[in-house]
Amino acid sequence: MTSPDITLTTGAETAARLDAADPLSGFRNEFRLPVGRDGSPQTYLAGHSLGAVPRAAAGHVNAELERWAGLGVAGHFDGEAAWVGYHELLAASLERLVGGRPGEVVAMNSLTVNLHLLMVSFYEPTKRRYKVLIEAGAFPSDHFAVESQIRQRGHDPAESLILARPRGGEETLRSDDLLALIAEHGAELALVVLPGVQYYTGQVLPMAEITAAAHATGARVGFDLAHAVGNIPLALHDWNVDFAAWCSYKYLNGGPGGIGGAFVHGRHVADGSLPKLLGWWGQRPDIRFEMGTFFDPIPTAESWQLSNPPILAMAPLRASLEIFDRAGGLEPLRAKSQRQLAYLDFLLTEVIGDRAESLTPTALAERGCQASLRIRTPGVDGRAVHQGLQAADVACDWRYPDVIRVAPVPLYNTFGDIHRFVNILDRVLDEVG
Ligand SMILES: *Cc1c(COP(=O)(O)O)cnc(C)c1O
């Protein structure tokens, strides 16, 4: 998957050649990366937690501060970026990233809030059909959200929560096991909530197959795309997914606590029979300010909006989405990402060998831009390795109980970053060993 004409070696010159041959290399300059102790950019491999800031973000935020200063309350309705419709400026780019049709995607709230709002609509337990399938290793916020939804409807999580887990001794979920579990609980299954990309292992789940299997039993399906959006190509509409939610501060570079997003399939967006929590921002904008109390929803995913959204939190995301659009969307980025992952795997094998093990699937189609490394060096504590990496200005994270996650992000990470990371890891393993 690396450039066919470049033979991989462990030398720095190979990284330089790969970067020189990379048609997307210019995009790194559109971001600001944290600076390390020596004044040069850190080896920033933490985009799985917080993406880098686009250089244009400050301009977009400042423009809104200026509009606020110059226009005051009139900023809600004046001009092209009038705040009343500001979220609409994000919709088209987000649709492209998640494979949504016009009207299926909205930027709003934060991820866990959106999961709750969508489960209010799409988890409709009955006496016979009340179970929710998630993974045993779900991100805690997702687990809490689902568990509390089950309780809210008067059901008992002990009976209603189905937990999918990897087989003994394995790290990732097998598709066949997931599909079998869906079929097994079929008639009692109300909802499946799974990640697009698993946060701990980086595994890509087969979203189309899961959706088809769940629908075949009569259950609905929602995906948490926290680690999938901006990372892998998605086709939510074509896959027939019922709903999805995501945050924007990871691979979307929307900034800390940035605005989340939601997808509702077109066949549901105008379904007035779905239960829904209501707020005035879901009301049709042409009658919203008549202040009537008859709710006439926007016939799109926007009808799940409750409040007028935080403009200053949306502005940086606008800057990042413009970069995704200029890069040509996810297809070219994913192609580069797969070249980077193949290079990373090559270096890990050659330089690190069995001193560390990756939990991330090796098949490139089954993983996002991530490697989850478990240190396997006798007598070496993984946490000390993580600290050693940080001390050497490698930004990556430690995930309890024993994994170091690194994410080469194709928009701003170079092949040189990957080379530097592996060589620093090699040195740190020697030092702490
Ligand atoms: C990052 C992440 C979250 C965080 O939720 P917020 O509501 O944005 O704080 C939740 N779930 C998953 C799977 C995540 O990766």
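L205 is buried, with a relative accessible area of 3%; buried means under 20% relative accessible area, exposed over 50%, and partly exposed in between (1.4 Å probe, protein chains only). This is a predicted model, in which local features need pLDDT of at least 70 and side-chain atom pairs count only at pLDDT 80 or more, while totals for chains, interfaces and linings use all residues. Residues are numbered from 1 along each chain as its sequence is written, and side-chain values use heavy atoms, with hydrogens and water left out.

**Position of L205**

- L205 sits in the loop between β7 (189-195) and α8 (207-217); helices (H or I, at least four residues) and strands (E, at least two) are DSSP runs, numbered from the N terminus.
- Between the C-alpha atoms of L205 and V422 there are 27 Å, and the two residues are 217 apart along the chain.

**Salt bridges**

- The structure holds 25 salt bridges, a salt bridge being a side-chain nitrogen of Lys or Arg within 4 Å of a carboxyl oxygen of Asp or Glu.
- D393 and R37 form a salt bridge, with their closest N and O atoms 3.0 Å apart.
- D393 is buried at 14% relative accessible area, whereas R37 is exposed at 65%.
- D430 and R355 also meet in a salt bridge, at 3.3 Å from N to O.
- D430 belongs to helix α15 (residues 415-432) and R355 to the loop between α13 (330-352) and β11 (356-358); the pair links distant parts of the chain, 75 residues apart.
- D430 is exposed, with a relative accessible area of 53%, while R355 counts as buried at 19%.
- The side chains of R374 and D402 meet in a salt bridge of 2.9 Å, N to O.
- R374 is in strand β12 (residues 371-375) and D402 is in the loop between β14 (397-399) and β15 (403-406), so the pair ties together parts 28 residues apart in sequence.
- R374 counts as buried at 12% relative accessibility, and D402 is partly exposed at 27%.

**Pocket and cavity**

- On a 1 Å grid over the protein atoms alone, a cavity is a set of points where a 1.4 Å probe fits but cannot get out, and a pocket is an open set with protein on both sides within 12 Å along at least five of seven lines; lining residues have an atom within 4 Å of a point.
- The largest pocket has a volume of about 330 Å³, a volume being the space filled by probe spheres set on the points, which are joined across faces, edges and corners.
- This pocket is lined by 17 residues, and the closest to its centre are A136, G137, P166, E171 and Q198.
- There is one cavity of 30 Å³ or more.
- The largest cavity holds about 30 Å³ of space, and its lining consists of G230, Y251, N253, F324, L333, V409, P410 and L411.

**Surface around F77**

- F77, W280, F289 and M291 make a nonpolar surface patch of about 440 Å².
- Patches are made of residues with over 30% relative accessible area and no salt bridge, with like charges joined within 9 Å and nonpolar side chains (Val, Leu, Ile, Met, Phe, Trp, Tyr) within 5 Å; accessible areas come from the Shrake-Rupley method with a 1.4 Å probe, and for residues only the protein chains shown count as cover.
- F77 is in the loop between α2 (57-71) and α3 (88-98) and is exposed, with a relative accessible area of 51%.
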